[in-house]
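Here is a short note to read alongside the structure, with a few points worth a look. Take them in order, with the view open beside you.

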Amino acid sequence: MREPVEETRDLLALHNMTADNLRGALKPVRQPKEFSKFGNGALQQLVSEVGVQELARINAERQE
């Protein structure tokens with residue numbers, strides 16, 4: 001039976017090797033925002049009527 005310290009050290013080494021191999025391999029993907037016609041109808045209508053910039057301005061005022 002292996003000692004817990006040895007097993008922990010081996011798991012850490014495996015984790016670090018895996019992290020090093022994956023670093024840079026995964027790139028973020030930007031996807032366009034999509035409104036669900038079933039749950040976001042009111043939000044979509046608000047954005048259409050008021051506009052994104054006006055909503056951003058209102059949000060900034062609220063956070064001050």
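1. Which residue forms a salt bridge with E54? The partner is R57, and the closest N and O atoms are 2.4 Å apart. A salt bridge here is a side-chain nitrogen of Lys or Arg within 4 Å of a carboxyl oxygen of Asp or Glu.

2. Before going further, a word on the ground rules. This is a predicted model in which local features need pLDDT of at least 70 and side-chain atom pairs count only at pLDDT 80 or more, while totals for chains, interfaces and linings use all residues. Residues are numbered from 1 along each chain as its sequence is written, and side-chain values use heavy atoms, leaving out hydrogens and water.

3. Where do E54 and R57 sit? Both belong to helix 3 (residues 52-63), and because they are three residues apart there, about one helical turn separates them. Helices are DSSP runs (H or I, at least four residues), numbered from the N terminus.

4. R57 has a further partner: its side chain meets that of E61 in a salt bridge, 2.4 Å from N to O. E61 and R57 are four residues apart in helix 3, about one turn of the helix. Through shared partners, the salt bridges join E54, R57 and E61 into one network. A search of the whole structure finds two salt bridges.

5. Are these side chains buried or exposed? E54 is partly exposed at a relative accessible area of 30%, R57 is partly exposed at 39%, and E61 is partly exposed at 45%. Buried means under 20% relative accessible area, exposed means over 50%, and partly exposed is in between (1.4 Å probe, protein chains only).

6. Now turn to a nonpolar patch on the surface, formed by L43, L46, V50 and I58. Patch residues have over 30% relative accessible area and no salt bridge, with nonpolar side chains (Val, Leu, Ile, Met, Phe, Trp, Tyr) joined within 5 Å and like charges within 9 Å. Helix 2 (residues 41-50) gives the most to the patch, with three residues. L46 lies in helix 2 and counts as partly exposed, at 38% relative accessibility.

7. Finally, confidence. The protein chain averages a pLDDT (the predictor's confidence in each residue, from 0 to 100) of 76, and 70% of the residues score at least 70. Confidence is lowest in helix 1 (residues 4-22), at a mean of 73, and highest in helix 3, at 88. Where pLDDT is low, the predicted coordinates should not be read in detail.

How values were computed:
Helices (H or I, at least four residues) and strands (E, at least two) are DSSP runs, numbered from the N terminus. Accessible areas come from the Shrake-Rupley method with a 1.4 Å probe; for residues, only the protein chains shown count as cover.
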